[in-house]
Amino acid sequence: MDKLASPSDISHELAPGRLSIIAQVMLDVLHKALLDTNTEHDCAYTRGTLPWGRIRNALKQLIATRRYPWLSLKHGGNDLLIGIGPHPVRFFLDDHLNPRKLRVLNPTESEAIQLELLPESGDKSVDLWRFIVERALTEDDEHQVFFVGYNRMNEVVAQWQYSESVRSLYAVDDHIPAAAELAPLDLTPIYDEAKTSGDSYEANANADAVGNRDL
C-alpha cells in the first residue's frame, strides 16, 4: 500500500494547526457527551445521537464566533457542511477505513454544489474531505479524530490523525500559498439531501450499549 499523503501536502488550506483546532473541539464535546449519557437510562442510540448533535452545534458555534477567518459554514442543515478555506468538509462518527454509513462516501446535493464552485486548485485525486470521529472501544483506548481524503473509488488517499496523547499544536497564520491550478471537480450527488436530512445516526439493533463503532 502506498504511503498516504498528508492533507496539507494536497492543499495548504488544510494545515495541521487548523485541523487540530477543530479536532480538539470534537474530542472535548465527545468526552462531555459520553459522561452525560453514562446512566442506566442510556443505550447505544443515545450514546450516538447526543455526541453527534453536540459536535454539530459546537462547530456551528465555533464558526459563529468568527475567530478563524478560514473557517466557514457552507450548509447549516442536519447534513452540516463546513468550509476550511475553499474546501467543503463533513463530519461523522464512524470507522474511517471501513465506514458503515453510506453517506460518508456520497456527497449530498449541497456538498456537490460546493464542490462545483471550488476554484481550479487542489489535487483532483481527492474528491471528498471528511472528519471521522472514532470512539474508543475500551477504557485502554483513546478517542481519535481522523481527517480523511477519499478519491472517486472510495479509497483513502490522504489522512491526518489526532488524539490527546499525540496532541501537537501548530501556528496558524493568514498567509496561504497559492495552490496549483487544475481542472474543477465534477461530482454528482449520489442521493438527495432532502431524503437524508435528520438521518444523521443509524441505530444498530444488535449493538452493545458501549463501544459501538457504528456510532
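1. A nonpolar core is here a set of buried Ala, Val, Leu, Ile, Met, Phe, Trp, Tyr and Cys residues joined through side-chain atoms within 4.5 Å. Buried means under 20% relative accessible area, with exposed over 50% and partly exposed in between (1.4 Å probe, protein chains only). The model is predicted: local features need pLDDT of at least 70 and side-chain atom pairs count only at pLDDT 80 or more, while totals for chains, interfaces and linings use all residues. Residues are numbered from 1 along each chain as its sequence is written, and side-chain values use heavy atoms, with hydrogens and water left out.

2. The largest nonpolar core has 34 residues, and those with the most contacts inside it are Ile-22, Met-26, Ile-55, Ile-84, Phe-91, Phe-131 and Phe-147. At least two of its residues come from each of α2, α3 (44-64), β2, β3, β4 (128-134), β5 (144-150) and β6 (156-163). Helix α2 gives the largest share, eight residues. Helices (H or I, at least four residues) and strands (E, at least two) are DSSP runs, numbered from the N terminus. Another core, of eight residues, lies apart from this one and includes Leu-105, Val-148, Tyr-150 and Val-156.

3. Phe-131 deserves a separate entry. Its contacts (heavy atoms within 4.5 Å), leaving aside neighbours within four places in sequence, include Leu-19, Ile-22 and Met-26, as well as Ile-84, Val-89 and Phe-91. Val-145, Phe-146 and Phe-147 are also among the contacts of Phe-131.

4. Aromatic pairs come next. Rings of Phe, Tyr and Trp (its six-membered ring) pair if their centres lie within 6.5 Å; planes under 30 degrees apart count as stacked, over 60 as edge-to-face and the rest as tilted. The whole structure holds five such pairs. Tyr-68 and Trp-70 have ring centres 5.3 Å apart and planes at 40°, so they form a tilted pair; both residues are buried. Phe-131 and Phe-147 are also tilted, because their centres are 4.7 Å apart and their planes at 55°. This pair links distant parts of the chain, with Phe-131 in strand β4 and Phe-147 in strand β5, 16 residues apart.

5. Strands β1 (residues 71-75) and β2 run antiparallel and are joined by four bridges, with His-75 partnered by Leu-81. The β2-β3 hairpin has two residues between the strands, and Gly-85 in it takes a positive phi near 60°.

6. In a regular strand the side chains alternate between the two faces of the sheet. In β2 (residues 81-84), Leu-81 and Gly-83 point one way, Ile-82 and Ile-84 the other, and all are buried.

7. Gln-24 lies in helix α2 (residues 16-36) and is buried because its relative accessible area is 11%. Polar contacts are N or O pairs within 3.5 Å; within protein, one atom must be able to donate a hydrogen and the other to accept it, and residues adjacent in sequence count only if both atoms are side-chain atoms. The Gln-24 side chain has such a contact with the side chain of Asp-28 (2.7 Å) and another with that of Tyr-162 (2.4 Å). Glu-111, in helix α4 (residues 109-117), is buried at 1% relative accessibility.

Notes: Pairing = 2+ DSSP bridges.
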